[in-house]
Amino acid sequence: MRLLRTLSSVAACAALLVLPLQAPASAATAAPVKGGETKVTTARGLGKVLLENGIAAYTTSPGKTGVHVSGDNLSLSFRYPVTGGRASVKPLAGKVEHRGDLAFVNVRNGKRLKVGDFVIDLAKGRISGNVNDDPRTRVPVFDLDLSAAKLKVDGSVVHARNIRVKLTSVAAGALNKALRTDLFSGGLRIGTASTTLHL
């Protein structure tokens, strides 16, 4: 059964609407992103399905992995530091950079794949990542759904939460091929992302 739908990383984020504090919100001038963190939490049931199918998922430094158990639900969380980028609100554009990888291992056959150093493209609502630490193989990993996103601006800090994260067809194909499985599919809901940006 093609349930699995997991990957997560990254993160995620969207309405990282980097509001230039010294210019009107309508300004198209991109403001620098000085730091922050993005967290992705897997959708209910995905962590359990991964383990049942022999797939381990975890972050590499400086990312952090969390495991949360509540009743019969096992969820995973992945945190990545924001390291730079520039963005604007109107139009929503720019890119937010992260450090760290999301690694997948099929413990049944030893096959593995890493994707990381995620970059959020705000204009496209998409997160891309390097495959196996090779910057020449940057691929679209996650699509972001901002329809239910919640934003809060507190001085020079922007908080965004409840950003829905879905796996792209390209990433699903790469995972299935590398891990020799058929668990992943394009459009599968990975979970939700939240992010904090320091401008």
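How many cavities of 30 Å³ or more does the count give? The exercises below work on a predicted model, where local features need pLDDT of at least 70, side-chain atom pairs count only at pLDDT 80 or more, and totals for chains, interfaces and linings use all residues. Numbering starts from 1 along each chain as its sequence is written, and side-chain values use heavy atoms, without hydrogens and water.

**Exercise 1. Find the cavity and describe its lining.**

Step 1. A cavity is a set of points, on a 1 Å grid over the protein atoms alone, where a 1.4 Å probe fits but cannot get out; lining residues have an atom within 4 Å of a point. Volume is the space filled by probe spheres set on the points, which are joined across faces, edges and corners.

Step 2. The count comes to one cavity of 30 Å³ or more. The largest cavity holds about 70 Å³ of space. It is lined by 10 residues, and L113, V115, A171, A174 and L175 are the closest to its centre.

Step 3. At least two lining residues come from each of β8, β10 (134-145) and α2. Helices (H or I, at least four residues) and strands (E, at least two) are DSSP runs numbered from the N terminus.

Step 4. Sort the lining by class: nine nonpolar, no polar and one charged. Ala, Val, Leu, Ile, Met, Phe, Trp, Tyr, Cys and Pro count as nonpolar, Asp, Glu, Lys and Arg as charged, and the others, Gly among them, as polar.

**Exercise 2. Locate the aromatic pairs and say what they connect.**

Step 1. Rings of Phe, Tyr and Trp (its six-membered ring) pair if their centres lie within 6.5 Å; planes under 30 degrees apart are stacked, over 60 edge-to-face, the rest tilted. The whole structure has three aromatic pairs.

Step 2. Take Y80 and F118. Their ring centres are 5.3 Å apart and their planes stand at 75 degrees, so the pair is edge-to-face. Y80 is in strand β5 (residues 73-88) and F118 in strand β8 (residues 111-121), so the pair ties together parts 38 residues apart in sequence. Both Y80 and F118 are buried; buried means under 20% relative accessible area, exposed over 50%, partly exposed in between (1.4 Å probe, protein chains only).

Step 3. Now take F104 and F184, an edge-to-face pair with 6.0 Å centre to centre and 85 degrees between the planes. F104 is in strand β7 and F184 in the loop between α2 (169-179) and β13 (189-198), 80 residues apart. F104 and F184 are buried.

Step 4. Ring pairs also link Y80, F118 and F142 into a cluster.

Notes. On a 1 Å grid over the protein atoms alone, a cavity is a set of points where a 1.4 Å probe fits but cannot get out, and a pocket is an open set with protein on both sides within 12 Å along at least five of seven lines; lining residues have an atom within 4 Å of a point.
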